[in-house]
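Good morning, everyone, and thank you for making time for this short talk. Please have a look at the model on the screen before I go on.

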Amino acid sequence: MTTPADPGPGRTVPSTQPAPQTVTDRPPGAGSDTAAGTLRPARPRWRETLGLLARNPTALIAALVVLGMIVVALLDEQLAPEGPNEIDVGARLQPPSPDHPFGTDDLGRDVFSRVILGAAVSLRVGLIAVSISLVVGTLIGLLAGFYGKWVDDVLMRLMDMLFAFPAVLLAISIVAILGPGLTNTTIAIGIVYIPIFARVTRSSVLGVREEVYVRAARSVGSSDVRLLARHVLPNAAPPIIVQTSVSLAFAVLSEAALSFLGLGTQPPDPSWGLMLSEGRGYIELAWWIAVFPGLAIFLLVLSFNLLGDGLRDVLDPRQRTAMSGGRQ
Amino acid sequence: MTVTAPLLEVEDLHVRLRTPRGTASVVNGLSYTVGAGETVAVVGESGSGKSVSVLALLGLLPAGVATVTGRALLDGEDLLAMPADRLRQLRGPGVGMVFQDPMTSLNPVLTVGRQLVEGIRAHVDVPKAVARRRAVELLGEVGLPGPEKAVDRYPHELSGGMRQRVMIAIALSNSPALLIADEATTALDVTVQAQIIDLVQRLQADHGTGVVWITHDLGVVAGIADRVLVMYGGRCVEDGTVDDVLERPAHPYTRGLLGALPDLAVARADGGLPDLATVPGTPPAPTDLPAGCVFWPRCPVRADPRCETEQPPLAHVRGQSRDFGPSLAHRAATWCAEDGGAPGTTEEDR
Amino acid sequence: MSDDVLVSARGLQVHFPVRGSGLLRRTTGAVRAVDGVDLDIRRGETLGLVGESGCGKSTLGNALLRLVEPTGGSVTFDGTDVTGLSARGLRDLRRRAGMVFQDPFASLDPRRTVAQTVAEPLEVHGLRSGKRERAARVGELLELVGLDPAVAGRYPHEFSGGQRQRVGIARALAGEPDFLVCDEAIASLDVSVQAQVLNLLRRLQRRLGLTYLFISHDLSAVRYLSDRIAVMYLGRVVEVGPAAAVGGDPQMPYTQALLSAVPLAKPAEERARERIVLTGDVPSPAAVPSGCRFRTRCPYVFEPCDRVDPALQPAGAAGQVAACHLHGVVGTPVAQEQDAAAPSRRP
């Protein structure tokens, strides 16, 4: 090839228009944002996400309730008027009163204090269990979705096997093997929810994997680890975040169920599920023993679920498209 | 081309959309007419409002988000004022539409024939068997190979060109008086595009259909249109016959667009070619249109003090086609019209 | 013109297996996306690669950079066989050969800033150590593609299509490559913006001495930018030659039809033009016709076309090569059984 500056043989070409021969765009933000830019919904980003969440009152209230419960759990000893296991035989089965807002149980323990201390147990079990399933499940889903082929087949068939058992039955079997107790219950719940995270992650990764920007990152030489950490996981995260919130609700419920069955928290430790179980025998005599921990479970689970729904709406790109409308 | 009452008469159409960033004035005072058997091309870049302007006519914009005002008379009936029922009746026999993406416009779980039959039976009460025969006929008419077999295929079993032909068959199934094609060939290859354009022109000649052809491709416009309407920032900035607009553009924007096209007839000679002319910058946001002429922030001419303050009216371009009546008039909305075909230099120089 | 070849493909094949729906998902056939391509790209030139959707041009571009694994044949980049590269060699190849993608809305990670995107190749290849050096280099690259370096901290959704494409080009240039594959790099842009990007690509080539493979279905743009043009049909290159020759005096009937279908923005010429309207659709790359793969749609089909698979041979006076028996029957005869399995000719 000749040098690029060579004017080339033959006729010269008339410039068709007197328009300027510029190749520079004006910098964005100088009032030159395009129509495409304004009509196209902005991609999910944190600040925007929080802003949208704030516009969803249900989710906002749910978030505040969850936050409140966490504060209660952190401050448990300071908030509880009495120790959880302070037995007062003289004040057995007292109905709710200014002294005992939630009444007392069959051993004269303050139900209000036990519910507050139970929050820490329930939340700790929920958070640790979900962390286990989140980390393991996401990793499995990430590998299965990204590599496909036999990796996918092997990992997901394994997950299907776990998934085929009813959740509580599986948790009971695992606790039966490991032995009862809070730690083992937590591990059992964590294992039970691994397949859900693996599936959610995998299906999200399957979509992201095909995105052009992943191929573009590969084209500049990025390794698989880099692709997964920098591009695939962050973009696959929204459904996983939603799943985390929903799973927290299930985990709290599972802990309550297992404790109710006598497999989780062991007496005399306070746990909402255990309190429910213990209060069962007195339901006609002293309804408050079972009802208040039950209400606490109900409130926490409902809040996690509503928060999950809210996050799903906020993080769903289609939801954002609907807001800008017009081009469909 | 006709001088009798036009088939479609759009007058002072405005469309506003509510967006998270404020109200977007997407279409601002658009007026045009389409005669029977005539093809009017609406040209513009993305965000110019060209698609929205026709979606608005058919009531296809999301209610609550869009505000549409103005008049749009189809055979004397105002599309914008009529109840939803009547509008639904008209989609089909009155107006047929073809969109850009035939994959999303077709229902993936119904066979092609089923969708055609439903379209036909929605407007004419005929037995299924008759409608099916008509469907096969239509598929043959749009040049689908083996229409008897194709009628039982699902959309995913057809190629892009074949799907687009199915869309056209559906649009034509009720012999509409007006066909609106929104970027109908943009996703297709040039050879298939040539087939589709050929087909539309043939059908138009047979049925006297009026066509509104929305596109960004000036080459397609040259091949298909009788008249052209150039949109920018939701306004018509230039209209006229295809020869006037493409050969003797008056508006600086039209001139810029044409100049930005690489010329197929010019061979490259080792880097000796000049850079392509470009329109600098990007189109304005419909939420934030400039005062004065919509184009002035990007305009290379800006030769008039009014450019930045006063909106130029759509006025006749001097010295061109002014004696041919309104349907042939060449008009441009600019303070800086190029009089008398200066851009035709391309032609003279050759 | 220098004959120094930078990238070379020989008998390059990319076949994707078609699996049955049974339990074992046995391979029942193959989509022959790229099916025996010989192609040389010379140092410093722009080779335009045109063809219709599904012809394999994009797969070919990806296979040259091993973003898609070739199933046969070889690719040589600057004398090195690319098909046998180690992981390390592959990384080095991807520094020296970049890619610009079609859709600027899809090719930038929405969760990463422009600076992070453009800096990625620098980090991957350890090209600039230290945050400050990297930031300076990102600024340089943005300036090179005509963007204000001050926008580095912004996210892709704040940019227009043309600006995003510039970011994509800056990323591709970060590793100081010799070779860029531009895969439909202007197809998603508005006309006026297309011109801006075409001008930018030309300017960069002059300034940095780049070699381009410019893949596009837009013949006007390809003719504008390219020194030579290669035409692909159904997985095979069917005509190659100087841009003026292929664009001005095409020798393969398919190229002729393709060129005649390109609409021009000149109404008078459009009306006067004789258009070769091809009948039928492109056959599926999973069922390639025997012999010449264009014969099912070719207006000039004659006796040897279904018998002999045509090879590229000199055609026309302007120096191109074309795979067509009209210029003499040269090629590989079709094996009997293959012939029987192939679809019959259209009436």
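Let me begin with how angles are taken here: axes are lines fitted to C-alpha atoms, for helices over the stretch in contact, and angles run from 0 to 180 degrees between N-to-C directions. Two residues are in contact if their C-beta atoms, placed from the backbone, lie within 7 Å, while helices (H or I, at least four residues) and strands (E, at least two) are DSSP runs, numbered from the N terminus. What you see is a predicted model, in which local features need pLDDT of at least 70 and side-chain atom pairs count only at pLDDT 80 or more, whereas totals for chains, interfaces and linings use all residues. Residues are numbered from 1 along each chain as its sequence is written, and chains are lettered from A and ligands numbered from 1 in the order in which they are written.

With that in hand, in chain B helix H1 (residues 50–57) lies across strands S3 (39–43), S7 (178–182), S8 (210–215) and S9 (227–232), and it runs at about 145 degrees to S8(B). In chain B there is an open sheet of eight strands with mixed pairing, in the order S6-S7-S8-S3-S9-S10-S12-S11, where two strands pair if DSSP finds at least two bridges between them. Strands S6 (95–98) and S11 (315–316) of chain B stand at the edges, each with a single partner strand, so one side of each is left without a neighbour in the sheet. S11(B) pairs with strand S12 (residues 331–332) of chain B in the antiparallel sense, over two bridges, and B:Ala315 has B:Ala332 in S12(B) as its bridge partner.

Now to the contact between chains B and C, which takes 40 residues from chain B and 40 residues from chain C. On the side of chain B that touches chain C, H8(B) gives the most, with six residues.

Turning to chain C, we find eleven helices and 14 strands. Its average pLDDT, the predictor's confidence in each residue from 0 to 100, is 86, and 94% of the residues score at least 70. Where is the mean pLDDT of the elements of chain C lowest, and where highest? The lowest, 46, belongs to helix H11 (residues 336–341) of chain C, and the highest, 95, to strand S7 (residues 179–183) of chain C. Over residues 337–347 of chain C the pLDDT is below 50. Where pLDDT is low, the predicted coordinates should not be read in detail.
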